[in-house]
Amino acid sequence: KGELRIQSLTFEDAGMYQCIAENTHGIIYANAELKIVASPPTFELNPMKKKILAAKGGRVIIECKPKAAPKPKFSWSKGTELLVNGSRIRIWDDGSLEIINVTKLDEGRYTCFAENNRGKANSTGVLEMTEATRITLAPLNVDVTVGENATMQCIASHDPTLDLTFIWSLNGFVIDFEKEHEHYERNFMV
């Protein structure tokens with residue numbers, strides 16, 4: 001295939017590589033530069049969110065994505081408590097922290113620690129719980145005679161600190177009320 005594989009790269013492997021392909025009709029060349037990257041973890045370009053919201057009883061994923069080479073090892077703490085994988089908590093290979101069945105007790109300061117052979121860094125965010133959004137009045141099936149009008153209702157309860165948006169779709173496609181204002185009308189109930 002003309003493939004070159006280099007295992008366990010070192011800084012000495014960096015440089016300009018040239019592939020030469022030849023046959024009885026001639027010879028052609030192609031060049032590529034191989035750069036070897038090594039850096040301690042840093043959160044400068046992608047810090048953890050300072051405030052993370054999670055719905056009560058729901059699932060939350062807190063991302064931890066520092067820049068680092070080689071790939072760092074990750075650990076997490078809540079306050080001063082070191083977190084380990086369990087029935088509700090999981091640390092993913094990419095560094096993200098997943099919590100399921102979120103409760104009020106999960107609120108607090110979470111810190112992601114990243115470490116490789118070049119150094120270490122950490123970033124912290126605060127997890128806050130919100131009330132889960134629930135549909136309290138769902139649309140009902142309706143039989144309407146062709147040419148008549150139909151009204152469908154949808155009412156939801158939600159955490160008062162958050163905004164709520166209703167999106168309607170027809171057969172999986174979101175309805176654009178601006179483009180189709182002559183056919184669809186959106187009524188807001190306060």
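This is a predicted model: local features need pLDDT of at least 70, side-chain atom pairs count only at pLDDT 80 or more; totals for chains, interfaces and linings use all residues.
Q: What makes a residue part of the lining of the second largest pocket?
A: A lining residue has an atom within 4 Å of a point. Among those that line this pocket are Lys-51, Ile-52, Leu-53, Ile-61 and Ile-62. β4 gives the largest share, three residues.

Q: Why are seven residues of this lining called nonpolar?
A: Ala, Val, Leu, Ile, Met, Phe, Trp, Tyr, Cys and Pro count as nonpolar, so residues of these kinds make up the seven. Asp, Glu, Lys and Arg count as charged, and the lining has four. The others, Gly among them, count as polar, and there is one.

Q: How do you know that β4 and β12 pair?
A: Two strands (E, at least two residues, as DSSP runs numbered from the N terminus) pair if DSSP finds at least two bridges between them. Five bridges join β4 to β12, so the two strands pair. They run parallel, and Ala-55 stands opposite Thr-130 in β12.

Q: Which residues of β4 are on its covered face, and which on its uncovered one?
A: Ile-52 and Ala-54 are on the covered face; Lys-51, Leu-53 and Ala-55 are on the uncovered one.

Residues are numbered from 1 along each chain. Local features need pLDDT of at least 70, side-chain atom pairs count only at pLDDT 80 or more, totals for chains, interfaces and linings use all residues, and side-chain values use heavy atoms, without hydrogens and water.

Terms used:
Buried means under 20% relative accessible area, exposed over 50%, partly exposed in between (1.4 Å probe, protein chains only). Helices (H or I, at least four residues) and strands (E, at least two) are DSSP runs, numbered from the N terminus. On a 1 Å grid over the protein atoms alone, a cavity is a set of points where a 1.4 Å probe fits but cannot get out, and a pocket is an open set with protein on both sides within 12 Å along at least five of seven lines; lining residues have an atom within 4 Å of a point.
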